[in-house]
Amino acid sequence: MAAIQACSALVTGANRGLGLEMVKQLLEAHCSKIFAACRDPQGPNSEALRELAKKHPGVVNLVQLDVADQCSIKESAEKVGSLLGKNGLNLLVNNAAVLPQKTMLTATVEDMLNTFNTNVIGPLFVIREYLPYLRTAAKAKCKPGMSCDKAAVINISTDSASMSIMPAMEEPFPFFPYSISKAGLNMLTIYTARDLKADGILCISLHPGWVRTDMGGDEASIDARESVEGMLRVIGSLTEKQNGAFLDYTGKTMPW
C-alpha cells in the first residue's frame with residue numbers, strides 16, 4: 001500500500017503509462033477524490049481510464065484537460081473546483097508530457113515550441129489555475145509544516161534534465177527537446193517552492209526512473225508499478241525539508 005495521506009489528488013496525463021498507474025495506486029491508497037485528467041478522456045486511448053472511473057464512481061473523476069491549451073486548463077479547474085468541496089486539493093501531479101525524438105541538429109522550431117508549451121508552460125498554468133484549491137487545502141489542515149496531506153505540487157521530471165548527469169549519459173533515443181524542457185520544469189519547481197512557501201504548499205521535481213511505458217520504451221529497467229510505488233512512498237514522506245528538491249523514485253537526491 002502506498003504511504004500517502006492525500007484525500008484529494010489531480011493527475012495530468014492520466015490515461016496511460018505512469019499517469020494511469022498513479023490513478024490505480026491512489027485508489028489502493030484510499031484517496032477519496034481522484035481527478036484523472038487527460039486531453040481526450042472519451043477517446044480510444046482512454047478506455048482503461050474510463051473503466052476505472054466506471055468501477056469507482058464518485059472517486060475517480062474524468063477531467064478533460066489539455067495542458068497545451070490555456071482555455072482547457074481554466075475550464076478543467078472550474079469543473080474540479082465545483083467538485084472539491086471545502087477541503088480543497090491536496091495533491092497536484094504534473095505528469096503530462098511530450099517527447100519528440102529529435103536531436104539538436106534535427107529538432108524544428110515547432111518541435112521546440114510544442115515541447116515547451118506542454119512540458120513547461122502547461123504545468124505553470126495548471127499550478128496557477130489550481131492554486132486557489134491548493135491554498136484552501138493547506139489552510140484546512142491546522143498543523144505546522146508541509147506535506148502532501150496538506151498541499152503539494154509534484155512535477156514529474158527526468159534524469160536527462162540534470163546538467164550534471166547529461167554529459168555522461170548514453171542516449172537510448174534522441175530526446176533533445178524533452179531534456180531541455182524538463183530542465184525548465186526543474187526551474188519552475190524552484191520558483192514554485194519559493195513563491196508558495198508562505199502558503200504552506202510544497203513543491204518538488206521527481207524522476208520516475210527509466211520506465212517501460214510508451215514513452216520509456218521496452219528496454220527500460222523498471223515497470224510502471226515499481227516506479228509509481230516508489231514515487232508515492234517518496235511523496236508520502238515529504239516534509240518542508242524537501243521543499244524545492246529534485247528526487248528520484250527511491251528518494252535519492254538528484255544532481256541539478
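This is a predicted model: local features need pLDDT of at least 70, side-chain atom pairs count only at pLDDT 80 or more; totals for chains, interfaces and linings use all residues.
**Ground rules.** I number residues from 1 along each chain as its sequence is written, and I leave hydrogens and water out, taking side-chain values from heavy atoms.

**Entry 1, strand 4.** I looked up strand 4, residues 91-94, with helices (H or I, at least four residues) and strands (E, at least two) taken as DSSP runs numbered from the N terminus. Both of its faces are covered, as Leu91 and Val93 on one side and Leu92 and Asn94 on the other are buried; here buried means under 20% relative accessible area, exposed over 50%, and partly exposed in between, with a 1.4 Å probe and protein chains only.

I then checked its neighbours, counting two strands as paired if DSSP finds at least two bridges between them. Strand 1 (residues 8-11) pairs with strand 4 in the parallel sense over three bridges, and valine 11 has valine 93 as its bridge partner. Strand 5 (residues 152-156) also runs parallel to strand 4, joined to it by four bridges, and there valine 93 stands opposite isoleucine 154. From strand 4 the chain passes through helix 4 (residues 109-140) to strand 5 in a right-handed β-α-β crossover, that is, with the strands pointing away from the viewer, the path from the first strand over the helix to the second runs clockwise.

I searched the whole structure and found eight salt bridges, each a side-chain nitrogen of Lys or Arg within 4 Å of a carboxyl oxygen of Asp or Glu. Glutamate 21 and arginine 225 form one of them, at 3.2 Å from N to O. This pair links distant parts of the chain, 204 residues apart, with glutamate 21 in helix 1 (residues 17-28) and arginine 225 in helix 6 (residues 224-237). Glutamate 21 is buried at 11% relative accessible area, while arginine 225 is partly exposed at 34%. I also noted that Glu21, Glu28, Arg225 and Glu229 are linked in a network of salt bridges.

Arginine 135 meets aspartate 199 in another salt bridge, with the closest N and O atoms 3.2 Å apart. Because arginine 135 lies in helix 4 and aspartate 199 in the loop between helix 5 (176-195) and strand 6 (202-207), the pair ties together parts that are 64 residues apart in sequence. Both residues are partly exposed, arginine 135 at 34% and aspartate 199 at 25%.

I also recorded the salt bridge of aspartate 149 with lysine 141, at 3.5 Å from N to O; aspartate 149 is buried at 13% relative accessibility, and lysine 141 is partly exposed at 26%.

Cysteine 7 sits in the segment before strand 1 and is partly exposed at 38%.
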